[in-house]
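Thanks for coming, everyone. I will walk you through one structure today. Here it is on the screen.

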Amino acid sequence: MRRMIGIELRRSNALTLVLLIVGATVAALALSGNDWHTTWTRLSYMHGSALFLLLPLAVAGGAVLGRREKRTRADELIASTGRPKAQRLLPGLLALGVAAALAHGIAFAAAGILPAVTGSYAGVTALLWPLTGMVAMLGGVWLGLAAGRAWASPLVPPLVAVLALFAQLGLSEAGGPGGSSPLRNLSFLSQPPSYDWEMIAPAVLLGWTVLGLGLAGAGYLLATGRSWMPRVAAVAVLGVAGTIAAAVPGTEQKDHFRVDAGAQKLVCADGAPQVCVTAVHAYVLDDAAPQVRKAMQLLAKLPGAPTRAAEWRADKVYNFGDSDWMTGGTTPPEPGTLAFDLVLDDNKISDALVENIVVGAGTYWNGCQDGWDTVAGRAAGAWLMGTDKLDGVEDGSERDPEAQQQVQTVLAALRAAPEKEQVRRVAAMRDAALSCEDVDQVAILTGKAST
Amino acid sequence: MMRWLTLYARSRRLPLAILLSVAAVALTWAGWGLFTDRREINQSLAVLTVLLALAPLIPTMAGDDDSLESGVALNWPPRRALHVLAFAAVVSVPLLASAATGAWFGPAGVLLRDVAALAGLIALGVALFGIRLSWQLPVCWTVLQMLFGNLAEPGWREAPFLLFQPASSKPAAAAAIALIVAGVLAYAWRVGPRTAPAEVAFGQ
């Protein structure tokens, strides 16, 4: 049997298909930006989403092999050999299916060298994701082989490839834009995780595995079946697997992802004051620690300044369209601890990390549902930095001249007060922001508040 | 002449191909009309429809026996060029006609650009690699553009992501024209790699 599979590997289009899969994966990873270089979650996501393209290629590759007997007019000759059809087809099915699945897995392992050398946090679930993709690739090849055997036209490979794309695009758009539908679970183009510590939920992986097994089972039955019985069984298998795969993972983002406690574990830099980031972002700790300490030094102008800094973490999965979720996050910082965001872009911390921390006197990640007061926050940040303007803070007010003007007015009113009063006002504004109460922070800074 | 055309269409399996192309456009058009109330078809879906409509073109670009055909004393290059252009025109008609109906595939300029670019890419692929491999590049590149088309920066970088550019994009239009010209010329010059004689003997 092994010898036969070896012969099939050389005779069939396995090499072309493997090259095509590897090429398409490399192109997809190269075009998708640098996000996956450092985190296993993002790599798993990118590599798993590439199935949107790879599955149609696998189906088409199977169809090319399925056409072989009829294309060479050897079908009658081969049918006359005294062996059951299933046994006759098995070497070809296994050779091409395993080649496609392994190509997918090896592409992940090769790309995984990059996150591995940065020593990034690796969760088990992120590593299981490619395995579900390998099952799906096997299923795609077998289903395509059945299609090619059923209709041996040269039209079949390109047509099934585009039809598989069509089906996936249609399924991923099910429920309309912004909506949700269980049918979306049948497409491999899933929604990306919002934060690096969000891991794919086991139910989703289970759903994809069942879907892949369903494709493989239906493909095997259709390719090897000789009567109507296996064909009906194939439709039933596909139906059951599709129903399970659609229903099990749920429809919301919070069903598809879960917060990984291991990824959120804090890793701290040597030296004082203590600066900690999450395990998934440990690779920027050395760059970030001096910047965070600089920001803490600025914040120390105020009485009761935080003595420790820890990266902000979410305690639940971000659900698209959550109305109660502002950029302030959902987790209030511990007393005496400064919560900050790394403002990562292209795996690097922002040049304006200090500005992003001191804005709002270090209270932007306060865990309040109402978020923050942009004008008061920017004014307090500029006051702490000793500048007139706070550059590099992405809160949308940069392109709002009216808000910019207000910041200048507040800043002027604040600086007109005596030195001690300025410190008192900014500290009062900080405490108000941390308390999550709805107080007019601008009034506190300008001295118009009753307190 | 009529007799030659009939024989040519049959030898290239054209009736089935054209039927499938038109059916592909009709499928998207009817599906969109049934399931949504918006008129303009999602751009990704429109581009995939163009690809699906052009996919049947690929197997029509070679006959069963190239060596037999090349022995015929006909001026093949203009005929082959016309084959690609005519097929692209046939695909364009139902796409453009959708402008008069309740589900619209998008501006005429964008549609013609996409059809020209993909037909050119297919013809170029057939001339270089033959009909069995030529579908791979158009399919892969279209999907990669679909997923990452928003990455295109203004300027010449619009050209590689041409399918998802607005109608006003000059680099995209230039790239589409270059592709159709290169594709038609390459296919007119060369029908693709010869099939192995042993395989031709088995026949289609």
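Start between the chains: chain A and chain B share zero salt bridges. A salt bridge here is a side-chain nitrogen of Lys or Arg within 4 Å of a carboxyl oxygen of Asp or Glu.

Some ground rules. This is a predicted model, where local features need pLDDT of at least 70 and side-chain atom pairs count only at pLDDT 80 or more, while totals for chains, interfaces and linings use all residues. Residues are numbered from 1 along each chain as its sequence is written, chains are lettered from A and ligands numbered from 1 in the order in which they are written, and side-chain values use heavy atoms, with hydrogens and water left out.

Back to chain A and chain B. Polar contacts there come to one residue pair, both at pLDDT 80 or more. A polar contact is a pair of N or O atoms within 3.5 Å; within protein, one must be able to donate a hydrogen and the other to accept it, and residues adjacent in sequence count only if both atoms are side-chain atoms.

Which elements of chain A each supply at least two residues to the side that touches chain B? Helix 2 (14-31), helix 4 (51-66) and helix 10 (156-172). Helix 10 of chain A gives the most, with nine residues. Helices (H or I, at least four residues) and strands (E, at least two) are DSSP runs, numbered from the N terminus. By class, this side of chain A has 25 nonpolar, three polar and four charged residues. Ala, Val, Leu, Ile, Met, Phe, Trp, Tyr, Cys and Pro count as nonpolar, Asp, Glu, Lys and Arg as charged, and the others, Gly among them, as polar.

Now the extent. 32 residues of chain A are in contact with 34 residues of chain B, contact meaning heavy atoms within 4.5 Å. The buried area between chain A and chain B is about 3,000 Å², and carbon and sulfur atoms give 82% of it. Buried area is the accessible area (1.4 Å probe) that two parts lose on being put together, summed over both. A:Leu31, A:Arg71 and A:Phe166 supply 21% of what chain A buries against chain B, more than any other three residues.

Next, inside chain A. The domain assignment gives domain 1 (1-259) and domain 2 (266-446); such bounds come from an automatic or database domain assignment. The C-alpha centres of the two domains of chain A lie 46 Å apart. Between them, about 1,600 Å² is buried, with 61% from carbon and sulfur atoms. On the domain 1 side, A:Thr38, A:Tyr195 and A:Trp197 supply 31% of the buried area, more than any other three residues. Salt bridges between these domains: zero. Residue pairs in polar contact: four, both residues at pLDDT 80 or more. The domain 1 side that touches domain 2 has six nonpolar, eight polar and six charged residues.

Last, two backbone spots. Most residues other than glycine have a negative phi, and most peptide bonds are trans. A cis peptide bond joins A:Ala272 and A:Pro273, with omega about -10 degrees. A:Pro273 sits in the loop between strand 3 (266-268) and strand 4 (274-278) of chain A. A:Val343 has a positive phi, near 50 degrees. Its place is the loop between strand 6 (337-340) and strand 7 (344-345) of chain A.
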